[in-house]
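Let's take a walk through a protein together, one piece at a time. Have the sequence and the 3D view ready as you read.

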Amino acid sequence: MRWARRSSIRDAMTAPLALTMGDPQGVGPEIAGMAWMRRSASSAPFLFIGDMQRLRAALARAGVHAPLRETDHAGAADVFATALPVAADFPPGLDAAAAT
């Protein structure tokens, strides 16, 4: 039992963070793009959840030139090294949890 707990904690620490767009007129997209541009080898991977076109437009307005790649939560960590991972939908179960 003790090893299973450590394993689940380690998995949770390496799973990508999920960032939502928030207010479409807010600064969430720009912050996500700038955070990805300033990432380092030790940065925790994250996944932007929102509309790809709105993200692209917001980054262009802010002058942030981050490459974007559509993926899902499971593929986000693999994409993170070369592009900002973007998903149009929440990972399964996350939207239901956020609504409660």
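Helices and strands here are DSSP runs, numbered from the N terminus: a helix is a run of H or I with at least four residues, and a strand is a run of E with at least two. This is a predicted model, in which local features need pLDDT of at least 70 and side-chain atom pairs count only at pLDDT 80 or more, while totals for chains, interfaces and linings use all residues. Residues are numbered from 1 along each chain as its sequence is written, and side-chain values use heavy atoms, with hydrogens and water left out.

Let's begin with the overall plan. The protein has 5 helices and 4 strands, and along the sequence they follow the pattern α-β-α-β-α-β-α-β-α. A contact means heavy atoms within 4.5 Å. Among the contacts with a separation of 6 or more, 69% are between residues 24 or more positions apart.

Next, what lies inside and what lies outside? We call a residue buried if its relative accessible area is under 20%, exposed if it is over 50%, and partly exposed in between (1.4 Å probe, protein chains only). Of the 100 residues in the protein, 31% are buried. Accessible areas come from the Shrake-Rupley method with a 1.4 Å probe, and for residues only the protein chains shown count as cover. The protein exposes about 6600 Å², and carbon and sulfur atoms supply 57% of that area.

Now find helix α3, residues 52-62, where Met-52, Leu-55, Ala-58 and Leu-59 are buried. Seen down the axis of α3, these buried residues fall within an arc of 130°, so they line one face of the helix; the arc is that of the directions from the helix axis to the C-beta atoms. Gln-53, Ala-60 and Arg-61, on the other side of α3, are exposed. What covers the buried residues of α3? The cover includes helix α2 (28-37) and the strands β2 (46-49), β3 (68-70) and β4 (84-87).

Both ends of α3 deserve a look. At its start, a side-chain oxygen of Asp-51 comes to within 3.2 Å of the backbone nitrogen of Gln-53. Just after α3, Gly-63 has a positive phi of about 75°.

Move on to α2, where Pro-29, Glu-30, Ala-32, Gly-33 and Trp-36 are buried. Viewed down the axis of α2, its buried residues fall within an arc of 165°, so they too line one face of the helix. They pack against β1, β2, α3 and β4.

Is Val-27 buried or exposed? At 54% relative accessibility, Val-27 counts as exposed. Together with Ile-31 and Met-34, Val-27 forms a nonpolar patch on the surface, with about 270 Å² of accessible area in total. Patches are made of residues with over 30% relative accessible area and no salt bridge; like charges are joined within 9 Å, and nonpolar side chains (Val, Leu, Ile, Met, Phe, Trp, Tyr) within 5 Å. A salt bridge, in turn, is a side-chain nitrogen of Lys or Arg within 4 Å of a carboxyl oxygen of Asp or Glu.

Strand β4 is our next stop. Leu-84 is found in this strand and counts as buried at 0% relative accessibility. Leu-84 and Met-37 are 47 residues apart in sequence, with their C-alpha atoms 8.6 Å apart in space.

Ala-87 is also in β4, and at 4% relative accessibility it counts as buried. Leaving out residues up to four places away in sequence, Ala-87 touches Leu-47, Phe-48, Ile-49, Gly-50 and Thr-71.

Gly-50 is in the loop between β2 and α3, and is buried with a relative accessible area of 13%. From C-alpha to C-alpha, Gly-50 and Gly-22 are 8.5 Å apart in space, and 28 residues apart in sequence. Thr-71 lies in the loop between β3 and α4 (76-79), and is buried with a relative accessible area of 19%.

For a last stop, turn to Ala-15, in the loop between α1 (2-14) and β1. Ala-15 is partly exposed, with a relative accessible area of 30%. Its C-alpha atom is separated by 8.8 Å from that of Ala-76, which is 61 residues away along the chain.

Terms used:
A polar contact is a pair of N or O atoms within 3.5 Å; within protein, one must be able to donate a hydrogen and the other to accept it, and residues adjacent in sequence count only if both atoms are side-chain atoms.
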